[in-house]
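Here are my notes on this model, for a reader who has not seen it before. Please keep the structure open while going through the numbered points.

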Amino acid sequence: MATTQKTENAITLKGSAKLVTEYLSLGINSILFQRGIYPPESFKSEQHFGLTIYVATDKEIQDFINRILGQIKDWLLQEKVQKLSLIISNRNTKEVLERWDFKLQYDKSSDENDAASVNTASKTDSTNAEKDKIGNKDIKVIQKEIRDVLRQICSTVSFLPLLDAPCAFDCLIFTNFDTSVPENWVETEPVFIANSQEVQLRSFSTSLHKMDTVVSYKYDE
Amino acid sequence: MDLSEPEEPTCVLKMLSEFNRNVEVPNFPFVFERFGNVSQESSNNKPESDLSSVKKRRVEPHDSTLDSDMSISENIPASPWESNKLRRELIEAKTEIKNLEYRYHELLNIKKSSDILYEKDREAFKYAEEKQTRKIRDLEKHLKQMRARATKLEEELSDMKATAPGAIAELEGEQHALQVQKTILNGRVAQLEEDLRMERTNYKLLEEEWKARLSSLESEKELCDTTVEKLRAELKEKTVQLQKQEMYKTKLMVSDSLQAAKEKITSLTSHLESASAKEAKTKNLLEAHASTIRRLKKQNNLVTWERNDLRQMLDSVQKEVTLIGNATFSESAAPPGSDRAKLEVLEKVIEGYRQRMEHIEADQGLVCVIPEQNSHSALTDETSSPTGAYVAQQKVQELQMEADNNRETVKQMAGMQSKLLHYGEVLKENETLNKQVTNLRYSRRMKHLREKLLREKELKEKVDHLTYQMEWRALKGDFDIRETKVLRLKLGPHETESTSTTSTLDQLKIENDKLKEKIKILKDQIQSGADASKLQDVTVLAESNVNAVASKQVEVCDGTGGIGEASWVQGAGGADDAGPEMKVWETDESIERMIVNWREGER
């Protein structure tokens, strides 16, 4: 008897979280390079998603970004992160000049589908079910979408105002209210830009996570 | 002036040098007695130029006298002229000393400022040099990187050149495929556009239809409203007419029934009269009948007595006959003539009896009139009978009852008729009302639907507006504070930079304070005219002063910092004049005591 094998595109929750954190890392690095927060000598070019991305070589910066992204990855699996804001401020006056918002949305359809099974099964089973969430989007399509967003981030230099003063950056993470604050993390105030202009970039979805990227900058007429 | 002059005790230069060296001046009792007054007078009375000229002139003769030792001069009492002269000279010398000191200080200041300027310039130049060297280094690095990049790019270019034809061919293939796709997509787009157009036209048609329907419905509604109003008016009129008609009908029926009842009453009264007449007649007849009955009874009694008598006779005869017969049969031999004679006698008796019966029957006096059943009139029969009057009365009563019943039935019938009419009207009214109700319901429903549509439109607009606002706010970075926590990682590059800058700022501030303090001390020393040896301790003094101020500030901060630990109450003098000594420190116990007192006061 002839057997037919069906091939399906599948992405796990862990895989999706990894893709999202990878995108965030590349996005933050390319913003730091494109916006001239650090001199170009402190960056090296790397190939990611078929694009040449400049990544910071400074160990301190890399450690900082990696620590943030590691924590975000854990929170992504628990669906606790809402947004990551990259704040660019004037080093001398502390004035906020730019804010890059990476907004996250979680796929709710899979939750609804699992609702019936969650009701019947025990709690441990439900948590396992949440961990075993599977998306059905082609990885190539996701990579293409991420590539498009990264390209857009690079192209924002054309319209964003020139940062002529020495600048510093910081990352704020917007989590759910029930999230416990880990060690070396502190609660802080949100950052707003007075007289700001916003530009929404393309968004990508892994079918489990949807990422929107928005840049807000100080609008001087 | 000669070189030997400074050796003289009165020589100004010598005096100056001694003064600077803090050597005691030779004792001039006459001089120091009135030193203050003299100096004042001299300074006030004579100008400096004159004094100098006088000094020049008078020192020369005096030089000869002062050539000898100090001991000699001490022993020799000074003349008033000399003493005056010396005083003047001393004053002049002092003024000159002051002038020179002033000039010396000025020069010193100029030197210092020039030194500072020189230092600053040197530092600036050094900084610029460092900057330039750093820049050069950076540029060199950059140049190296650029060169490396250029080499890389060249390599890439060469690679590209090598792989270019294949890639171009691939790209051309892709382009061709894309063109095909594009044509397909264009066709699809055209189809979709056509569909869209069709849908738009359909939508427009539907919209027009809907509008037409709406307008027709509106016109229908208006018509319905007008017809409803008309019907209402008609209904009112008809109800009035019907009420009138009912009234008229009831009136007519009542009059008819009244007339019928009257007629009936008249007929019944006539009947009653005739019946009463008949009753009288029947009474008479009854009396007659009673007399005849009595006679008939008597006759009956007579007849029955005769009949009984005759029967007895007949029985006796029959007995005789039977006895005779038996005897004859037994005696068959007896003669027939005797029997025949006997029979003949008996037959004659019977015959005579018959005749007698016929006679009695034929007797008119004993005739009794028996009431006939088939009489020509019931009334004559009734009256002729003894129960006729009663029957007639009964009949009259029955007739009256019937008349009453008839009246009641007539009334009932009239009521029923009116009810039927009313029912018919009610049915008609009900139908009209039903129609009105359906119309009203329809109109209400239409109104309700329109309101609903309007509400839905408003709600849709509101929802759109709110979603737009939410999106706008989300874009601006707004979020729900109740559901979100904002977290950041400690000791990031931003924070370390800020801490380093704050530390450098603090250091600079401290240095600035020290320098300020130094300047202040120097100014004070210059004003007070202190020694040059003391100037060296300025830095130490300034540092100690700054440290003292800093420690004081720290103490004050420690005291006011902890709100829960302690608080201070200012004295009566107010905030400005109340120093740290005036602050009354109160612990938590004292606050508690205050709260207890306040509570007691409230009670």
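1. Glu119(B) and Arg122(B) are joined by a salt bridge, with 3.8 Å between the closest N and O atoms; the term stands for a side-chain nitrogen of Lys or Arg within 4 Å of a carboxyl oxygen of Asp or Glu. Both residues belong to helix H6 (residues 80–330) of chain B and sit 3 residues apart, about one turn of the helix. Glu119(B) is partly exposed, at a relative accessible area of 34%, and Arg122(B) is partly exposed too, at 37%. Buried means under 20% relative accessible area, exposed means over 50%, and partly exposed lies in between (1.4 Å probe, protein chains only). Elsewhere, salt bridges with shared partners connect Lys144(A), Asp148(A), Arg151(A) and Arg202(A) in one network.

2. The model is predicted: local features need pLDDT of at least 70 and side-chain atom pairs count only at pLDDT 80 or more, while totals for chains, interfaces and linings use all residues. Residues are numbered from 1 along each chain as its sequence is written, chains are lettered from A and ligands numbered from 1 in the order in which they are written, and side-chain values use heavy atoms, with hydrogens and water left out.

3. Over all chains, the structure has 16 salt bridges. Side chains of opposite charge can pair when their charged atoms come close. One of the bridges joins Asp101(A) to Lys83(A), with the closest N and O atoms 3.9 Å apart. This pair connects distant parts of the chain, since Asp101(A) is in strand E5 and Lys83(A) in strand E4 of chain A, 18 residues apart. Asp101(A) counts as buried at 0% relative accessibility, and Lys83(A) is buried at 7%. Another salt bridge brings together the side chains of Glu145(A) and Lys137(A), at 3.0 Å from N to O; here Glu145(A) is partly exposed, at 22% relative accessibility.

4. Chain A contains 5 helices and 10 strands; these are DSSP runs numbered from the N terminus, helices being H or I of at least four residues and strands E of at least two. Of the 221 residues in chain A, 46% are buried. Among its contacts (heavy atoms within 4.5 Å) between residues at least 6 apart in sequence, 72% join residues at least 24 apart. The chain exposes about 11600 Å², of which carbon and sulfur atoms supply 48%. Accessible areas come from the Shrake-Rupley method with a 1.4 Å probe, and for residues only the protein chains shown count as cover.

5. Which strands make up the open sheet, and in what order? Its 7 strands run E8(A)-E1(B)-E7(A)-E4(A)-E5(A)-E10(A)-E9(A), with antiparallel pairing. Two strands pair if DSSP finds at least two bridges between them. The edges are strand E8 (185–187) and strand E9 (196–205) of chain A, each pairing on one side only. On average, neighbouring strands of this sheet are turned by 25° against each other, direction ignored. Helix H2 (residues 59–77) of chain A packs on the sheet, and its direction makes about 10° with that of E7(A). Axes are lines fitted to C-alpha atoms, for helices over the stretch in contact, and angles run from 0 to 180 degrees between N-to-C directions. Helix H5 (residues 139–155) of chain A lies across E5, E9 and E10 of chain A, at about 160° to E9(A).

6. Strand E1 (residues 484–489) of chain B pairs with E8(A) in the antiparallel sense over 3 bridges. Leu489(B) is the bridge partner of Trp185(A), and Leu487(B) stands opposite Glu187(A). E1(B) also pairs with E7(A), again antiparallel, over 5 bridges; there Arg488(B) is the bridge partner of Leu172(A). Is E1(B) mostly covered or mostly exposed? It is mostly covered, with 6 of its 6 residues buried. Thr484(B), Val486(B) and Arg488(B) point one way from the strand, and Lys485(B), Leu487(B) and Leu489(B) the other way.

7. Met313(B), Val345(B) and Val349(B) form a nonpolar surface patch with about 230 Å² of accessible area together. Patches are made of residues with over 30% relative accessible area and no salt bridge, with like charges joined within 9 Å and nonpolar side chains (Val, Leu, Ile, Met, Phe, Trp, Tyr) within 5 Å. Val349(B) lies in helix H7 (residues 336–362) of chain B and is partly exposed, at a relative accessible area of 34%.
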